[in-house]
Amino acid sequence: MKTYHNMLRIYISHPFSGDEKENRRRANNIAWALTMKYPDTLFINPLDAMRHAEYAALSYEQMLEQCKCLLCACDAVYMAGAYQYSRGCTEERKTAITKRIPVLTNGDELKHFIESHH
């Protein structure tokens with residue numbers, strides 16, 4: 001197992017708005033499955049990581065800004081679910097492109113990225 005400072009960090013961009021409970025469940029299942037498959041990679045699921053922001057009653061814009069800050073601490077972003085139709089995912093993708101963070105849109109790209117960095 002890699003030590004924490006060498007561990008890849010991959011942000012999972014998944015839709016939230018609409019059916020929040022179901023979207024959170026789906027994103028959690030994706031993070032779980034990826035962690036099982038790639039145990040030496042840290043997958044960041046912002047739908048879980050940002051729960052405190054909901055309880056603090058931050059606005060959508062404030063939460064999105066915090067998510068983008070978290071994304072910028074990662075080595076890549078994995079676009080999941082119906083991300084093409086999500087305002088938040090679109091913003092996260094734009095941020096990644098601007099910051100030159102690799103955007104991975106399918107399992108093959110993700111696998112190749114992880115393998116090329118281990």
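**Side-chain pairs in a predicted model**

Phe43 is buried, with a relative accessible area of 9% (buried means under 20% relative accessible area, exposed over 50%, partly exposed in between, with a 1.4 Å probe and protein chains only). This is a predicted model, where local features need pLDDT of at least 70, side-chain atom pairs count only at pLDDT 80 or more, and totals for chains, interfaces and linings use all residues. Residues are numbered from 1 along each chain as its sequence is written, and side-chain values use heavy atoms, leaving out hydrogens and water.

**Aromatic rings**
- The count is 1 aromatic pair (rings of Phe, Tyr and Trp, the last by its six-membered ring, with centres within 6.5 Å; planes under 30 degrees apart are stacked, over 60 edge-to-face, the rest tilted).
- Tyr38 and Phe43 form this tilted pair, 6.4 Å centre to centre with 45° between the planes.
- Tyr38 is buried too, at 11% relative accessible area.

**Salt bridges within a helix**
- The whole structure holds 8 salt bridges (a side-chain nitrogen of Lys or Arg within 4 Å of a carboxyl oxygen of Asp or Glu).
- Arg26 bridges to Glu22, with the closest N and O atoms 3.1 Å apart.
- Both lie in helix H1 (residues 20–37), 4 residues apart (helices are DSSP runs of H or I, at least four residues, numbered from the N terminus).
- Lys111 and Glu115 meet at 4.0 Å, N to O, and both lie in helix H6.

**A salt bridge between helices**
- Lys68 and Glu91 form a salt bridge at 3.7 Å, N to O.
- Lys68 lies in helix H4 and Glu91 in helix H5, so the pair ties together parts 23 residues apart in sequence.
- Lys68 is buried at 12%, while Glu91 is partly exposed at 25%.
- Glu65, Lys68, Glu91 and Lys94 are linked in a network of salt bridges.

Note on methods. Helix = DSSP H or I, 4+ residues; strand = E, 2+ residues; numbered from the N terminus.
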